[in-house]
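Please look through the structure shown below before reading on.

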Amino acid sequence: MPRPQQQTITLTIDGREVQAPENAMLVDAASHGDVEIPVFCYEPKLGNPIGACRMCLVEIEGIGKLQTGCSTPVKDGMVVHTQTERVKVAQRSVVEFLLINHPLDCPVCDKGGECPLQDISFGWGPGISRFVEPKRHFVKPLELSPLIAIDRERCILCYRCVRFSQEIAEDYQLVLLERGAHSFVSTFDGHPYVAPFTGNIIELCPVGALTSRPYRFRARPWDVEDAGSVCTLCPAQCNVTLTVRDERVLRVLARDHPEVDDGWLCDAGRFAYPALGGGQQPTAGPVGADGAVPLATGPPSAAAGRHGAGPEPAAAGPLAAGPGRARVGPGPARVGPGARVSEPLIRDGGELRPVSWQRAIDEAIQGLRRAGSRSGAIVGGQATNEEGFLLARVLREGLGSAHVDSRAAGTLPLDLQRALGDPRLQARVSDLEFAHAVLVLDCEPIIDAPILDLRLRKGARRHGMKLARAASSDPGQLREALEGLSAEGQDGAEVVILWGERLADGPGGSEAARALLGAATTLSLADIVGAGLLEVPAAANGRGLREAGVLPNAVAGLAPAPEEGMDALGMADALIAGELNALYLLRADPMSDGDPLSRAQPRGELPLRALWDQALARASTVVAHAMFLSDGVREHADVVFPAQAYAEKEGTITHPDGRLQRLRPAVAWPGSTRGEWLVIDELAAGLGLELGIDTATDVSRQLFDAVPFYAGLTLEEIGGRGVRWQERPQASAYGAALEAGGRA
């Protein structure tokens, strides 16, 4: 269905005229006039209001009874009063009623200092209570799930968590049990609440009834600082707020962006923060053959970097050991599995050992120089646009190699790659919600980009969006789905095709991509506003790296490369055959089960893991940027540079719908970690290539100048909300570049 057209009306609230969208709920309309109406149960993201808490009672002229502001749509000429004595008495009574059984444990409650109940009690409450009877008591706290604790005494029965479970995530696990004062939130069968989006109920809870178990008793609001960032764990690229204390990320919260995440987070993005900064680490990931690596014991190097990095500080060791990791006893201190790499390592005597930055860089330069044009590079989705852009320059200009890739699904012909990225064909994430029909093609949203699953459910539930699924490997199923969409798409109805990168994988990838473009032409997607294609890349920043030129057949801006190189699997075959000698892995690990390269379609008889095991073993030099030592890096890397988490990075990434978003450092780099762009610049200088950069901003400026449809873009313009390049005037340069490429 088309997006609703909003008409502006004028109403009067407390004697002042307020302009607001027609049929907006009174609570939201009042905010347009800087009038606050207190609420507990109301949350616009949850859909239709239920008026459960009665905190938002107001007086409307012409209506005898007080009305709930959360469920009353505004009309032109409406006159509302929020400060009359009648309203104040009602609001004070509601607060007093809610506090009858609410414990006075604010000093030990995790919500203290950021609690809506505290704020509303102070601003609208009576200040005293007439009740002297004993309060209700429950056993507390209980584990609602492995990650969430519930304190039932604090619950005010606002229904927010239950509504999220039943109406947003649609897992239908949370319910209210018992009746009256004995009511409490639980799962229907008493089992733990385990689902992909459970952490959202922590943020939804307006009191301290639902709290994060990892964050419990860790900090107070006045102890921490908030920093905005973008999660790079999957292509959804949700906007987040990082809670930071003493250079450690203690919590991740959603940062509402209607065009990206709709204000929700998956549990992976919310609870994976132990890996972000401050020497924290996850609980898995082998580090050495015996599960431990010796800590560094030698003196620090005094070598300074090219960008004024200064003397290298003495560090605890190559791996930043978090709490409980270091073991004290006879022999050298050791670090357990999963510890964070915070110093450069080189292979010496068959083992990775910590060294100074200068020695690690020299070792990498020597290996790459020996290989020369027989070098290759693979860039993973955790890398920024700037990092991929610089590494591609080093390979092409510094080593004379065209072998650079960021796609797990292999190389598409450049004309197909450009056509699939045509600005006229690009759908937005919000189009999934308002489209008449959506075809999910070779994609599993709940796994590939979980937040998109919630958007699809919202579209089907609230707007009647029709959903179809198909696989390109089943021509009959695909044909049937397309015929159904053609019927749905008559008379200009919006149709969105949500397709996964795996569609273009394997020998038939090009044919499948051409069939997708044919379907887009048949449905006239380029001519209908709100319709189009939306790709889910295999890696978080897959789209941005391609546009930055990290492809074997294209340079920055998807312009034709002077020489076409090998794709990732081609590099593996070439390493085995001895045609390549060196491989540079920038946030890529083809032997890790979590890397998209490990899930590509094999081209030969060898399984992918065996293929990459042989390829890396045959390479004379393997340089890797890694946060943690996986099996592949530990066994095959000759030089390991410590990598940054997204909370430590400076740069940009590109959302699947073309929105450039900015990463900013929120915590200090652990140990002697350096930015990837800085390390690449050091390597380029050693190879005789001056990149002409001094700061991360310089790299961004070079990237924006090199990509025609990014022209004139600045980091300030991107800001905290991002910029979709297709909506800028410079997007016309994309078509001009395609025409120029076609003539060439």
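The questions and answers below concern a predicted model.

Q: Which helix gives the most to the lining of the second largest pocket?
A: The second largest pocket of this predicted model has a volume of about 1,200 Å³, and among the 34 residues that line it, the closest to its centre are Pro 4, Gln 6, Asp 28, Pro 44 and Arg 462. At least two residues of this lining are supplied by each of helix H1 (26–32), helix H4 (160–168), helix H10 (431–434) and helix H12 (450–463). The helix that gives the most to the lining, with 5 residues, is H12.

Q: How many residues in the lining of the second largest pocket are charged?
A: When the lining of the second largest pocket is divided by class, 12 residues are nonpolar and 9 are polar. The number of charged residues in that lining is 13.

Q: Are helices H2 and H3 parallel or oblique to each other?
A: The axes of helix H2 (residues 85–98) and helix H3 (residues 116–124) come within 10 Å and cross at roughly 140 degrees. Angles over 145 degrees count as roughly antiparallel and those under 35 degrees as roughly parallel, and the orientation of H2 and H3 is therefore oblique.

Q: What is the handedness of the crossing of H2 and H3, left-handed or right-handed?
A: The contact at this crossing is made by Gln 91, Arg 92 and Val 95 of H2, together with Ile 120, Ser 121 and Trp 124 of H3. By class, the residues of this contact divide into 3 nonpolar, 2 polar and 1 charged. The crossing of H2 and H3 is left-handed.

Definitions and conventions
Residues are numbered from 1 along each chain as its sequence is written. This is a predicted model: local features need pLDDT of at least 70, side-chain atom pairs count only at pLDDT 80 or more; totals for chains, interfaces and linings use all residues. Side-chain values use heavy atoms; hydrogens and water are left out. On a 1 Å grid over the protein atoms alone, a cavity is a set of points where a 1.4 Å probe fits but cannot get out, and a pocket is an open set with protein on both sides within 12 Å along at least five of seven lines; lining residues have an atom within 4 Å of a point. Grid points are joined across faces, edges and corners, and a volume is the space filled by probe spheres set on the points. Helices (H or I, at least four residues) and strands (E, at least two) are DSSP runs, numbered from the N terminus. Ala, Val, Leu, Ile, Met, Phe, Trp, Tyr, Cys and Pro count as nonpolar, Asp, Glu, Lys and Arg as charged, and the others, Gly among them, as polar. Axes are lines fitted to C-alpha atoms, for helices over the stretch in contact, and angles run from 0 to 180 degrees between N-to-C directions. Angles under 35 degrees count as roughly parallel, over 145 as roughly antiparallel, 65 to 115 as roughly perpendicular and the rest as oblique. A crossing is left-handed if the near helix is turned anticlockwise from the far one by less than a right angle, and right-handed if clockwise. Contact means heavy atoms within 4.5 Å.
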